[in-house]
Amino acid sequence: MTIDVWGLGLQAINVLILVWLLSRLFWRPVAAAIARRQDTANAVIATAEATQARADAALAEAMQARAGIASERSATLDDARTEAEARARAILTAARGEADAMMKAATTAMERDAEIARKANAARASELSLKIAARLLERMNGPAAQSAFLSQLITAIEQMPAADRAALADGANGLEVVTPGNTDADHEKIEKAIQTALGGTPKLRFVTDPGLIAGIELRSPHFVLHNSWQADLAQIRKAVTDGQ
Amino acid sequence: MNSPLESAILFQLGPVAITEAIVTTWAIMTVLATAAVLLTRQLELRPTRRQAALELVVSMLDTQIAETSGADPAPYRGFIGTLFLFILMANWSSLVPGVEPPTAHLETDAALAALVFLSIVWFGVRRGGVGGYLRTFAAPNPVMIPLNMMQSLTRVFSMFVRLFGNVMSGVFVIGIVASLAGLLVPVPLMALDLLTGLVQAYIFAVLAMVFISSTIQDRRAGSPDADPSPSPTQKDT
């Protein structure tokens, strides 16, 4: 058994050439393809992780914005509620004040109306009472009443200052003697009594006025001596009216 | 039947006798190179079934190298993978009628063993320099230098003899049986020879990687930045 050294060397060269060929043509390309796919997969994974991170960040931002919106909404609602309550309180206060003013005005108006009504009633009552009194006094009108009024007239004239009595007595236009409708005999009696009281002979002119009810009054252009139930009732009416 | 210890010389190129084993080797080289070109023509990012199968082969080889040496498989992938593919194709070339496998002859197996020996030296020197490689012979102590040197020769010699013995014996047995029992009787033996060829290719490649990695591990264990990973177990059959 011998070994061919040349053959051994040639076979070693052949195998070395084959190692070089397959390294170039097979092992490196396939390993490069594997490495390229691994790099691509790593890049895709890195991109996916980055995208995931961005998505997580966006989600966190959205959640934060959502929380901000919720808090802002809550704050806005609180503000609106507070403002609405303040406005409602203001409106209520204004309405209450307005209602108080209206009630006060109504009360005032009611009091005024009541006062007016009361005054009107009082006026009507006084008028009615005066009418009743006038009716009653009409029934009481008679010679006795006239005689009493004459006495009162004479007394009133006598109580006047002398100068006034003289002026009345010397008056150029004379005096009107107003009666409710006496007879001529009464006229003479009245004329005599007045002349006596005045101390002269004034010119007397008798005027009939049923409105006097009862009584005798002296009238001149510048002087009136009231002495009748009409004058009394007028005075009472004035007093009642002034008292109201 | 020709003696398996003798190679038939087909022609002569000067001092070099071109034997049948050399021609068969060239044919195997041509087939492997052509297949490599054809198979790796269109490698895409999305692999086809063919590309997936190729990548599976490369991945398995890388895994085997990484598990054996604990190092990056890229520097050793071309040499170890080519050894495996060539020995496998050479062993299985006996299926072609009239072809004797190159690994059934001394020169081819001796050339492969010599290449493994040189590769151990090459990778050892590249890893730790000449001094670093030579210091691996003094591990664990200088007394072991003669034994380590003898071991570095005997272990590749054992590889050479193992491969040659297994393949040659298979061819020899099949030849004897075929000459005695006719056509169909050797078929089971040929099937067994296929399995033997696969196993021998695997063993040769793994042992080559183990020897290379043992040199690397020795250098790594002696350096300050030693890798704590365990030394691969030497396989020997």
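This is a short tour of a predicted model, with something to select at each stop.

**Stop 1: two domains in chain A**

Select residues 60-140 of chain A; the domain assignment calls this stretch domain 1. How far apart do the C-alpha centres of the two domains lie? The distance between these centres is 60 Å.

**Stop 2: where the domains meet**

Show the contacts between domain 1 and domain 2 of chain A. On the domain 1 side, 8 residues take part, and they are in contact with 8 residues of domain 2. About 700 Å² is buried between domain 1 and domain 2 of chain A. Carbon and sulfur atoms supply 75% of that area. Which residues of domain 1 lose the most area to domain 2? Pick A:Leu130, A:Leu137 and A:Met140. Together these three give 64% of what the domain 1 side buries.

**Stop 3: a salt bridge**

Stay between the two domains of chain A. The count here is 1 salt bridge. Show the side chains of A:Glu127 and A:Arg237, which form a salt bridge. Their closest N and O atoms are 2.8 Å apart. Polar contacts also link domain 1 and domain 2 of chain A: 2 residue pairs are counted, with both residues at pLDDT 80 or more. What kinds of residue make up the domain 1 side that touches domain 2? That side has 5 nonpolar residues, 1 polar residue and 2 charged residues.

**Stop 4: A:Asn14**

Move along chain A to A:Asn14. You will find A:Asn14 in helix α1, which covers residues 5-140 of chain A. Is A:Asn14 buried or exposed? A:Asn14 is buried, because its relative accessible area is 4%, and buried means under 20%. Leaving out residues up to four places away in sequence, A:Asn14 touches B:Ile22, B:Thr25, B:Trp26 and B:Met29. The side chains of A:Asn14 and A:Gln11 are joined by a polar contact of 3.0 Å.

**Stop 5: B:Gln151**

Finish in chain B. Select B:Gln151, a residue of helix α5, which runs over residues 145-181 of chain B. B:Gln151 counts as partly exposed because its relative accessibility is 34%, and that class lies between 20% and 50%. Next, select B:Phe117, which is 34 residues from B:Gln151 along the chain.

Note on methods: Residues are numbered from 1 along each chain as its sequence is written. Chains are lettered from A and ligands numbered from 1 in the order in which they are written. This is a predicted model: local features need pLDDT of at least 70, side-chain atom pairs count only at pLDDT 80 or more; totals for chains, interfaces and linings use all residues. Side-chain values use heavy atoms; hydrogens and water are left out. Domain bounds come from an automatic or database domain assignment. Contact means heavy atoms within 4.5 Å. Buried area is the accessible area (1.4 Å probe) that two parts lose on being put together, summed over both. A salt bridge is a side-chain nitrogen of Lys or Arg within 4 Å of a carboxyl oxygen of Asp or Glu. A polar contact is a pair of N or O atoms within 3.5 Å; within protein, one must be able to donate a hydrogen and the other to accept it, and residues adjacent in sequence count only if both atoms are side-chain atoms. Ala, Val, Leu, Ile, Met, Phe, Trp, Tyr, Cys and Pro count as nonpolar, Asp, Glu, Lys and Arg as charged, and the others, Gly among them, as polar. Helices (H or I, at least four residues) and strands (E, at least two) are DSSP runs, numbered from the N terminus. Buried means under 20% relative accessible area, exposed over 50%, partly exposed in between (1.4 Å probe, protein chains only).
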